[in-house]
Amino acid sequence: MGYKVVVAGATGNVGREMLNILAEREFPVDEIAVLASRKSLGTEVSFGDKTLKTQDLDTFDFTGWDMALFAVGSDATKIYAPKAAKAGCVVIDNSSLYRYDADVPLIVPEVNPDAVMGYAKKNIIANPNCSTAQMVVALKPLHDRAKIKRVVVSTYQSVSGAGKAGIDELWDQTKGMYVPGQERPAAKFTKQIAFNVIPHIDVFMDSGDTKEEWKMIAETKKILDTSIKVTATCVRVPVFVGHSESINIETEEFLDEDEAREILRVAPGILVVDKREDGGYVTPVECVGDYATFISRIRQDVSIENGLNLWCVSDNLRKGAALNAVQIAELLGRRVLKKG
């Protein structure tokens, strides 16, 4: 006997990826429903070797369904997630709406699986921001060994993090650089993204941080340890898929780079590719379609007493969103629902 699973927002980038990963990982699905807004109603999506027609999110009855993976954005989630939760369907939400709610667990299964038991307060589990998810997977095993005091992270985030509109804008602007008459001004992004980098993701806050930077700080503390100090600079780069991060770590105890490398090699969800030679590291192009968070460029930071540097790359549509949501569903099944 398997689970009755709903995917809401099934026609978007993340929703489609959720369906792909549910099929790839052979999640025990007894029945599946794919939901979309009325403008996408009837659109067909793939689930393994099946083709499914989307149903109307607005009128769908969640009664009797085990879990719902939401990839519809905060506005729609605010309306429909409580309806699903009230009907007894556990919501795994990819939006930012519930991430900072004390009554909703924020989970990366490799990092804080025990937090899943807190789902019952609201029948909702939150999926973290894509840039946070891959970083905490890398930080967790090092924190367990040497206790991390401070993290300085600079991100290089792909345009797919901004949805289909972000992908289209990079594609159209790049073509427009070479084809007269097809030039495209900035629309989704605040400046030209083709052949450029933009140090601005989400809105600015009074502190001078952007909301994306604030998310990384708040979520790392909630998922990993409230005592860790985090500062972030988040940058959009002209890459279609795959977020990269340069992470500087200060620990309470000294941690040798060789020991750190070995700790990361055996840590769940991580692949270490770290050769000190041309090409001995992973870039976003190579991580697309993979489940792993890749770690490269592990080295001592001699400018501080207990410092390490590393390079972290992951497919943001997978570990940063859809894969993590499916892993939460697997965790919920194993620990709580116990059907599949």
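By relative accessibility, does R99 count as buried or exposed?

Modeller: R99 counts as buried, because its relative accessibility is 5%; buried here means under 20% relative accessible area, exposed means over 50%, and partly exposed is in between, using a 1.4 Å probe and protein chains only. Before going further, please keep in mind that this is a predicted model, where local features need pLDDT of at least 70 and side-chain atom pairs count only at pLDDT 80 or more, while totals for chains, interfaces and linings use all residues. Residues are numbered from 1 along each chain as its sequence is written, and side-chain values use heavy atoms, with hydrogens and water left out.

Now to the spot itself. R99 is found in the loop between β7 (90-93) and β8 (124-126); helices (H or I, at least four residues) and strands (E, at least two) are DSSP runs numbered from the N terminus. In UniProt, an unreviewed entry carries a "binding site" annotation that covers R99. UniProt positions are given in the numbering used here, with feature names shortened, and such annotations may be inferred rather than shown by experiment.

What surrounds this side chain? Not counting residues up to four places away in sequence, R99 touches N94, L106, A126, N127, P128, N129, K215, E219 and K222, where contact means heavy atoms within 4.5 Å. E219 is also a salt-bridge partner: its side chain meets that of R99 at 3.4 Å, N to O. A salt bridge is a side-chain nitrogen of Lys or Arg within 4 Å of a carboxyl oxygen of Asp or Glu. Side chains of opposite charge can pair when their charged atoms come close.

The protein is divided into domain 1 (3-127 + 321-336) and domain 2 (131-158 + 197-314), with bounds from an automatic or database domain assignment. Taken over C-alpha atoms, the two domain centres are separated by 27 Å. Where the domains meet, 16 residues of domain 1 are in contact with 14 residues of domain 2. Between them, domain 1 and domain 2 bury about 1,300 Å², 67% of it on carbon and sulfur atoms. Y100, E110 and V111 supply 44% of the area that domain 1 buries against domain 2, more than any other three residues. Buried area is the accessible area (1.4 Å probe) that two parts lose on being put together, summed over both. Across this interface the rule finds one salt bridge, along with six residue pairs in polar contact, both residues at pLDDT 80 or more. A polar contact is a pair of N or O atoms within 3.5 Å; within protein, one must be able to donate a hydrogen and the other to accept it, and residues adjacent in sequence count only if both atoms are side-chain atoms.

For some context on charged pairs, the whole structure holds 23 salt bridges. One of them pairs E330 with R25 at 2.8 Å, N to O. That pair links distant parts of the chain, with E330 in helix α8 (residues 318-337) and R25 in the loop between α1 (13-24) and β2 (29-36), 305 residues apart. E330 counts as buried at 17% relative accessibility, whereas R25 is partly exposed at 29%.

D56 forms a salt bridge with R38, and their closest N and O atoms are 2.7 Å apart. Because D56 lies in strand β5 (residues 55-56) and R38 in the loop between β2 and β3 (44-47), the pair ties together parts 18 residues apart in sequence. D56 counts as buried at 11% relative accessibility, while R38 is exposed at 54%.
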